[in-house]
Amino acid sequence: MGKQSQSKKQRQADQRAQQSLSRIQLPFPEDLADESGGGTLVDMYLRAAAAFIEPTGDKPTEGSLREGMRRLLQQLDEYLELLPTSLRLAEGVRRHLACKKGCNWCCTIRVSCTAPTILLLADYLRRTLDEPGMAALLGRLQAHEAQTVTLTPLEVVLKARMCPLNVEGLCIGYPARPMTCRTYHSYSVQACIEDATEYGKQPMVPMDSVRMMMRTPVTRALDACLDAYGLDSRELELVPALKIALTEPDAGARYAAGDDVFGPANRPDVREAQEKDMADRGLA
Ligand code: SF4
Ligand code: SF4
């Protein structure tokens with residue numbers, strides 16, 4: 001494609017983004033603007049918001065929320081692809097990203113997300129799983145939930161438990177997986193193994209702070225859009241929320257209409273335990 005048609009395409013995309021942003025009242029993220037590289041973060045925030053709003057318009061429906069979420073995640077993936085896959089540590093040693101297909105020690109961490117991701121994921125699973133596959137998934141979700149009720153909030157955060165979407169080492173919802181799964185990464189698989197197998201030790205998994213930071217403006221944009229639409233923007237636990245979306249009739253349509261359909265998947269006690277644990281370990 002020639003340079004002229006590329007810049008024309010970019011201008012058209014920018015115009016569409018401006019039109020989308022004019023449809024709802026979004027707060028300006030002052031705190032992001034104050035960070036180093038604040039201009040880029042604010043730009044990411046606005047682009048992510050525009051991507052979400054464009055199919056959703058003035059009145060969200062289940063389908064438009066799913067499409068907005070798909071576009072927003074696609075944008076996050078594009079940002080992540082631009083980042084280097086090696087990192088120079090303080091000691092001058094260069095480390096390479098350790099993640100590869102089939103490596104799945106990290107599929108044991110706690111995963112949370114907001115409702116639009118759950119709608120996207122549930123739709124993807126409905127379209128791709130056959131009847132026995134769906135029955136098996138519902139059984140694994142049920143077993144995971146039954147185990148959760150026996151755990152303290154801190155154990156829910158720190159105890160490694162395999163995600164019910166992981167089958168033979170691979171994620172069966174990969175294209176629609178939550179942002180946590182897209183941005184989690186490590187420069188040492190050994191640290192991931194210890195994190196998953198040695199409860200209570202919780203080593204530091206070496207990560208790139210820039211890669212982790214990518215999620216912030218995108219999450220903030222999503223939350224701001226949901227708030228502007230008057231929809232639930234709470235962080236939900238993946239497993240109970242997905243079970244609701246797959247088993248409750250019209251869960252998506254009810255969510256888009258403003259019902260508190262995902263209330264049972266909201267665990268402020270677990271979020272509090274995670275925040276305290278991170279603060280205790282100097283990570284907050
Ligand atoms: S985060 Fe750790 S466990 Fe997950 S893919 Fe990367 S190296 Fe493997
Ligand atoms: S949703 Fe997929 S990628 Fe995320 S933890 Fe579960 S199996 Fe792993």
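Begin by selecting Tyr255. Leaving aside neighbours within four places in sequence, Tyr255 is in contact with Leu65, Ala115, Pro116, Leu119, Leu226, Leu231, Asp232, Val261 and Phe262, where contact means heavy atoms within 4.5 Å. The model on display is predicted, so local features need pLDDT of at least 70 and side-chain atom pairs count only at pLDDT 80 or more, while totals for chains, interfaces and linings use all residues. Residues are numbered from 1 along each chain as its sequence is written, chains are lettered from A and ligands numbered from 1 in the order in which they are written, and side-chain values use heavy atoms, with hydrogens and water left out.

Buried means under 20% relative accessible area, exposed over 50%, and partly exposed in between, with a 1.4 Å probe and protein chains only. Helices (H or I, at least four residues) and strands (E, at least two) are DSSP runs, numbered from the N terminus.

**Helix α12**

Now select α12. Of its 10 residues, 8 are buried, so the helix is largely enclosed by the rest of the structure. The buried residues are Leu238, Val239, Pro240, Ala241, Leu242, Ile244, Ala245 and Leu246. Show the surrounding elements as well: the buried residues of α12 pack against β3, α5, α6, β6 and α13.

**Salt bridges**

Side chains of opposite charge can pair when their charged atoms come close. The whole structure holds 21 salt bridges, each being a side-chain nitrogen of Lys or Arg within 4 Å of a carboxyl oxygen of Asp or Glu.

Select Arg110 and Glu237, which form a salt bridge with their closest N and O atoms 2.8 Å apart. Arg110 lies in the loop between β2 (94–96) and β3 (112–113) and Glu237 in strand β6 (residues 236–237), so the pair ties together parts that are 127 residues apart in sequence. Arg110 is buried at 11% relative accessibility, and Glu237 is buried with a relative accessible area of 8%.

Move on to Arg127 and Asp123, where a salt bridge brings the closest N and O atoms to 3.1 Å apart. These two residues are 4 residues apart in helix α5, which means that about one helical turn separates Arg127 and Asp123. Arg127 is exposed at 57% relative accessibility, whereas Asp123 is buried at 16%.

Then select Glu198 and Lys201, whose side chains meet in a salt bridge (3.5 Å, N to O). Glu198 is partly exposed at 33% relative accessibility, as is Lys201 at 48%. Finally in this group, display Glu54, Glu67, Arg70 and Arg71, which are joined into one network by salt bridges that share partners.

Select Glu155, which lies in helix α7 (residues 153–158). Glu155 is buried yet has no salt bridge, and the nearest side chain of opposite charge, Lys159, is 4.2 Å away. For this comparison, Lys and Arg count as positive and Asp and Glu as negative, while His and the chain ends are not counted. Not counting residues up to four places away in sequence, Glu155 touches Thr150 and Tyr199.

**Helix α9**

Select α9 (residues 189–197), whose buried residues are Ala191, Cys192, Glu194 and Asp195. These residues lie on the same side of α9 because they cover an arc of only 165° around the axis, the arc being that of the directions from the helix axis to the C-beta atoms. Cys192 is buried at 10% relative accessibility.

**A last stop at Phe28**

Finish with Phe28, in the loop between α1 and α2 (30–34). Phe28 is partly exposed at 49% relative accessibility. Its contacts, leaving aside neighbours within four places in sequence, are Ala33 and Val42.
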